[in-house]
Structures are given as C-alpha cells and as structure tokens.
Amino acid sequence: MATTSAAVTASNPPSTSSPAPPPSSLPPPAPKILLAKPPGAGPAAFARDDDSTSAAASSSAAARSRVPSIGSLNLLSDSWDFHPDRILPFLTENTDFTVIGVIGPPGVGKSMILNELYGFDGSSPSMLPPFATQSEETKLMAKHCTVGIELRVSAERFILVDAQPVSSPSVLVEMMRPDGSSSIPVISGESMSADLAHELMGIQLGVFLASVCHVLLVVSDEVHDSSMWNLMSTVDLLKHAIPDPSLLTSSNSQGSNLALEKEIKDNVWATKEEFLATPVFVFTKLRDQELSPASLSLLKKALSHYLSSSSFSGTKHGNMTRMGNNSCASIESKSDCSDPVGPNLFLLPMKSLDDSQRAQYESYVSMMGQLRDQILSMNYRPFSKPVSERDWLKNSARIWELVKKSPTIADYSRMLQNSGLFRR
C-alpha cells in the first residue's frame, strides 16, 4: 500500500469491460483519511515579535504568519483564530462519527495516546505518525510538539483532536514579548500579560474541547498532581452558554452575533442543560507502587471527592464499558475497583525496556491496547441532534468564537488581574 505524508484516498477505478451503472446505484465516494502532517509543516506557528527588526519587516512577518501555512494541519492561527478550511476536504456528510479530544501538560504522552487510538503502526520507519511525538532533540531543547489545535480523522471516522500543552513553559516563552505582554490576543480587544494570557489559553482550550468532543481525555503523569483537576473544575465553572454543536444551524453567519446569541439562548433553554464531553482521566508513567489496589482506591476516592460538586461527577455523561474492571485492568486484585460511580479513570504504567518480567502488572503495550479498546467502545453522551462531520467542524469554528468572546471567561480574567496573581 502506497503511503503519503498528508492524506490517503481509497478508491476503486471503474471497470472498462462493462457499462457504468446508473447514478442511483453508484457507491458513495470513499472518505479521505487525514493521516499525518505534511513534511515542512513546522511546529512554531506562534512567532514572537522581534524588536530588532524594522517596523515594515515586522508587519510583513506578521502577515505571513497570521494564518498557518498550506501544509499545516493546525486549526488555529497565531492570532488565535479558527481556520477550518484546510480540514473540510477530509470530512464528509457522514453523521456516524465520534470526536475524541485530549488535554494535558507537556510530555505526558497525549500524542502517543492519540496515535494509538488512530491505530498507527510505527513499525515502518517511512510512515509519519498522525500526531508528532517528542523526539530527543525536542526534549533537550525543552520544546513542545503540538501548537494550537491539530485534527486527524481515522478510517473508522474517529475525529481525533490534539491541543497544545497547558501549563507549558515553552508555550509561555514563545508568546511573551520583551515587555512581558502577550503576543496572542487571547481575549478579543484586551491587552494582557503573557502569564495571564497563558493561563486563559488553557481554560479556553478546555472549554472548547469539552463543548465539541464526545470524549475528552484529561492526561497527567502524576497521581499526586491536582493541576488538571483544578483546570477541569475551572472549565466546568466557566463553560456557560456554550451550546451543543449539533444545535447550531448553518443559516446564521459567524458575524451575526445577535442572531447567534438568541439561537444559543433558545437552544440551552430547550435542552435544559448544556452539552459536556464525557471525561476520562488518564494517568501515565506510573511506577509499580502507584498501580497497587490501595493506591488506585485512594486515587478514585480523591478524584470523586474533588469533582463531587462539578458536572464531571457521577455517570450521567457516560462511562467506559465495564468501567470498574477496565479502570483496574493493570491491577492483579480488582476487589476495590468494582464501584461504577464516579469519574472514568485509567492507569498506564511507565514504559520499560523489558516488560516481560512484570509478573504482577500488565505491560505498557498491553495496557495501551486496552486503553484504545475501551475508549473506542465506551458509552458517551451523544450530541442532541444528528450532525454531519462537515457541519460539526463549521459549528466548532463558531463555538471557538463564542469561547473567545465569552463574558464569563472575560470576567474571570479581570478577577485574576484584580487579585494581583497576574501582573498587567
């Protein structure tokens, strides 16, 4: 099978030995598969202004970098605007699809998990992975791989959405001007410090993914690190009046704010509750003592207690199939893991050179495969109405604008500024 670095289109040429069938009997065209980032699509989409260049050169550079290059599969420009046009050719009018997003700090294995969900086979050195993973050079330079929002589509019509890392020092460095201000207009029309803008970027990404995905993987590599729990609690608090993407009609333009606001209010009132992705908390790179039944039991209780008052608690938004057993698949004793109530969680052991000697716990490769099976077969809350892949992406662009212009997030930003936690 021939391999390309950007897309694979499966099609069968018509037979020349028999007349073509009537149009009504023609099979639908095979969907295109968004496979991997084309060569030359650099990771640095957000270029920081350089005071040493002339004003004209800076203006020209800003114009060139405002929209990602044609080869890039990034949905966001360096002005924090949504550009779905390059992705639309890879989507169809199919309404039977699943959107899976991922969020987490740098280096926890988000892209590796998405590559596994995609079904990527890394045995061929000539095949680029759908999502770039950290190389040794990237680690040594303290850089991040994913910039903005990257999207891929598998042959099974799973739409996988990767987001740049939250709480990432390298992201902060790239967006900080020499005077400490942000080069990215996170909230339209407001100038702010890079520190505050960096904090709000993670919240905006979380609100967006929770609004447009069926399943949201919240990934961290330490069971004692509650930063992602705090982020998701904040997302739950600030995700206000963001509608179900299937409820937005294609008739209203993005520029018609009044019509869009009325449509949102009507939809939220009609559904009585806002849409929220089903969260799965994934803990990676765990040591043997952190995989013990006692440790897992404490982790489940702590996470359930922390999220008890949030929309992420309980089972109303869907669960992994046989959550109790599957959540504890790496544990020899599953006696403490049979309670299906509470947030979904999954434990991944640290990847070792020789997993064959792990007698008590399953190997990293085995557990990664189990994670894929469970995520792709889990129960989740569907969108309120059937929506095609293409309309989902168009409506997601409108939801992104709502997130950027959210008065709730803007009020939260001003509260952080007034608290003195972030300097102007």
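## Close-up views of a predicted model

**View 1. Strand β6 lies inside the predicted model.** All six of the six residues of strand β6 (residues 215–220) are buried, so the strand is largely enclosed by the rest of the structure. Burial applies to both faces of β6. Val215, Leu217 and Val219 are buried on one side, and Leu216, Val218 and Ser220 are buried on the other. The model is a predicted one.

**View 2. Strand β6 pairs with β3 and with β7.** Four bridges link β3 and β6, and the pairing is parallel. Ile103 stands opposite Val218 of β6. Strand β6 also runs parallel to β7, to which six bridges join it. Here Val218 has Phe281 of β7 as its bridge partner.

View 3. β7 (residues 278–286) and β8 run parallel and are joined by five bridges. Val280 has Asn344 as its bridge partner in β8. Six of the six residues of β8 (residues 344–349) are buried, so this strand is largely enclosed by the rest of the structure.

**View 4. Helices α5 and α6 pack against each other.** The axes of helix α5 (residues 194–212) and helix α6 (residues 227–238) are 9 Å apart and meet at an angle of about 65 degrees. At that angle α5 counts as roughly perpendicular to α6, because the class covers 65 to 115 degrees. The crossing of the two helices is right-handed. From α5, the contact is made by Gly202, Ile203, Gly206, Val207 and Ala210. From α6, Leu231, Thr234, Val235 and Leu238 take part.

**View 5. Helix α2 is followed by a glycine with positive phi.** Seven of the nine residues of helix α2 (residues 110–118) are buried, so the helix is largely enclosed by the rest of the structure. The buried residues are Lys110, Ser111, Ile113, Leu114, Asn115, Leu117 and Tyr118. Gly119 comes after α2, and its phi is positive, near 90 degrees.

**View 6. Ser79 makes side-chain polar contacts with Ser77 and Asp81.** Ser79 sits in the loop between α1 (55–65) and β3 (98–103). Its relative accessibility is 6%, so Ser79 counts as buried, the limit being under 20%. The side chain of Ser79 is in polar contact with the side chain of Ser77 at 2.9 Å. A polar contact with the side chain of Asp81 is also made by the side chain of Ser79, at 2.9 Å.

Conventions:
Residues numbered from 1 in each chain as written. Predicted model: local features only at pLDDT ≥ 70, side-chain atom pairs only at ≥ 80, totals over all residues. Heavy atoms only, no water. Buried < 20%, exposed > 50% of the residue type's maximum accessible area, 1.4 Å probe, protein only. Polar contact = N/O pair within 3.5 Å; in protein donor to acceptor, adjacent residues only side chain to side chain. Pairing = 2+ DSSP bridges. Axes fitted to C-alpha atoms, helices over the stretch in contact; angles between N-to-C directions. Parallel < 35°, antiparallel > 145°, perpendicular 65-115°, else oblique. Left-handed = near helix turned anticlockwise from the far one by under 90°. Contact = heavy atoms within 4.5 Å.
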